[in-house]
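Please look over the structure below with its charged side chains in mind. The notes that follow take the pairs point by point.

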Amino acid sequence: MIAAPDARTEATVAARLAEAIARRGTRRVYGLSGGHVQPLWDELDRAGVTIVDVRHEVAAVHMAQAESELTGGMGVALVTAGPGVTNAVTGIANALVSRVPVLIIAGRTPRPQTGMGALQELPQADLVRSLCRSTCSVVHQRQVIPALDAAWRAAVGIHGLPGPSYVDLPTDLLREQAQPHWFDDRQPTTPARGRRLPDDDALGLAISLIRQSRRPLVVAGRLAKGEAELLSRWLDRVGALHVASSTSGVQLPASHPASVPGSRRRAMAEADLVVVLNRRLDFSMAYGSSAVFAPDARFVRVGRSDEELSDNRRADVELAGDVDAVLSALLATETRPEAPDLEWRNELRTLHHQRADRLTTLLDDPPPTADGRIHPYALLASVRRLLDPQTILVADGGDILSFARVALDPDTSLDSGPFGCLGVGVPYAVAAALSCPDRRVVCLTGDGSLGFNVMELDTAVRFGARILVVVANNEGWNIERHDQLTTYGGNIVGTELPGCRFDLIGRGLGAYGARVEQPEDLDAVLRDALDRAPAIVDVLLSREPPSPDARSGLATVPDRQALTLWDDAEAARDAR
């Protein structure tokens with residue numbers, strides 16, 4: 001009797017692609033299985049790549065993004081055709097706005113069925129093209145490795161900004177026997193982002209403006225660790241103040257003398273020179289408006305793209321270069337202001353420390369709430385006691401994220417980001433725990449935002465991701481609810497989420513679950529849950545205290561600016 005031939009005797013395109021992905025240092029791929037992508041799914045596992053199977057494709061992309069942010073490598077998500085791709089779209093958009101390298105690989109309708117109304121057939125590449133640094137629909141095996149290389153380079157931002165890249169392949173191509181001459185990938189190079197040096201003339205003009213300034217202010221966007229260290233040294237030398245950005249990848253420590261988040265409003269309004277590093281002047285920076293910044297303030301902008309150099313408010317000097325190259329050049333030159341306004345600098349530092357002290361008092365002794373539930377600051381005080389330099393804090397939500405950005409200062413953090421993408425909490429935390437297994441991972445999330453991806457607690461349990469999820473459960477979409485109370489005459493519609501027991505959901509999914517209703521129980525329950533991770537603690541929180549974002553009017557979506565105060569200033573300027 002002749003034995004049946006081994007279907008895997010000859011390597012398939014899927015096998016060669018899986019090997020190429022593994023050789024590029026990929027240890028994990030996040031995804032959800034499906035027939036269109038199953039050949040690659042199987043071969044990735046055989047190639048030694050861990051498949052982290054999730055409960056929804058958007059979580060796969062969120063996890064890939066978190067891994068990329070925390071490790072500096074490429075996060076990879078694998079999604080099936082049609083609904084698999086459409087489910088992933090929000091995650092792709094979030095990675096784009098956050099400028100994080102992520103590679104999305106998708107399955108596609110077999111070529112003989114294309115255009116015939118095949119199962120789950122969609123123009124997938126067209127759908128995601130505007131959200132990706134590159135898109136490619138492979139039709140022949142000769143394109144597989146070049147498409148992988150091109151997508152990888154585009155994602156890391158070789159010639160532009162980093163972000164998501166997309167490649168899809170038809171299922172029949174994945175099953176084809178691979179022709180060896182199309183897969184000569186024995187020594188793949190890991191593409192590195194080319195370093196761009198600033199123009200000497202522009203750098204000289206920037207140095208001149210810095211020397212002439214009296215009240216310099218620095219605002220930094222997403223920075224690598226080395227860039228943050230250079231920035232710290234340069235701030236020490238120049239004496240400039242610094243206000244944190246919601247898109248910062250690495251933050252200056254709160255103890256740094258230049259860091260004055262408590263004086264942010266005055267610093268923006270009174271600085272005579274604003275140095276913007278690696279970020280857009282977007283909604284969180286009032287679009288650079290002269291109604292918020294001093295009308296005669298000079299701007300020096302540093303970045304690699306037009307949106308970093310010239311969007312919304314043109315700069316007096318545009319330094320087209322990498323932040324580390326620019327800061328290194330500035331450190332090699334005498335760039336101190338010749339006549340700094342030391343009184344202004346000290347006054348803003350004092351104001352910042354006064355506000356920080358008031359916040360500490362609030363955290364230590366929050367005011368009572370009329371409903372008798374736990375004050376958000378009591379919860380944040382307990383969470384803050386869990387944080388150490390090795391802790392990764394993931395913050396997700398609207399109301400609680402607003403409180404957390406004011407009250408918590410972790411060394412390493414991920415949050416909803418500039419896109420304001422709710423639901424990232426548990427996926428980010430799972431990826432953080434898998435990527436950094438020796439570090440503690442705490443996820444602080446609102447009850448509304450948790451609802452998007454609460455099922456990923458199951459993923460945490462199955463993969464042993466030791467995460468602690470702390471639910472700020474005020475039983476509602478509280479920023480919007482406050483807006484309805486103040487702006488819409490108390491007409492509460494669609495913002496109530498009563499009675500959900502997230503501790504019981506966690507237990508049902510195999511995690512440890514607990515509930516806290518009294519503030520004096522917080523510390524002990526959180527510590528115990530941390531030891532039992534993966535765990536979820538449902539904290540019954542008061543909805544009465546308005547968050548900083550609720551007070552700022554962010555939820556009302558003003559006409560001209562993101563915040564009511566800035567919108568009023570813009571309107572007053574236009575009226576004049």
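1. A salt bridge here is a side-chain nitrogen of Lys or Arg within 4 Å of a carboxyl oxygen of Asp or Glu. Arg-440 and Asp-388 meet this way, N to O at 3.9 Å. The pair ties together parts 52 residues apart in sequence, since Arg-440 lies in the loop between helix 16 (425–435) and strand 14 (441–446) and Asp-388 in the loop between helix 14 (376–386) and strand 12 (392–396). Helices (H or I, at least four residues) and strands (E, at least two) are DSSP runs, numbered from the N terminus.

2. This is a predicted model, in which local features need pLDDT of at least 70 and side-chain atom pairs count only at pLDDT 80 or more, while totals for chains, interfaces and linings use all residues. Residues are numbered from 1 along each chain as its sequence is written, and side-chain values use heavy atoms, with hydrogens and water left out.

3. Arg-440 is partly exposed at 28% relative accessibility, and Asp-388 is partly exposed at 33%. (Buried means under 20% relative accessible area, exposed over 50%, partly exposed in between, with a 1.4 Å probe and protein chains only.)

4. Arg-55 forms a salt bridge with Asp-458, with the closest N and O atoms 2.9 Å apart. These two residues are 403 residues apart, Asp-458 being in helix 18 (residues 456–463). Arg-55 is partly exposed at 41%, whereas Asp-458 is buried at 14%.

5. Glu-496 and Arg-543 also pair, at 2.9 Å from N to O. They are 47 residues apart. Glu-496 is partly exposed at 37%; Arg-543 is buried at 15%.
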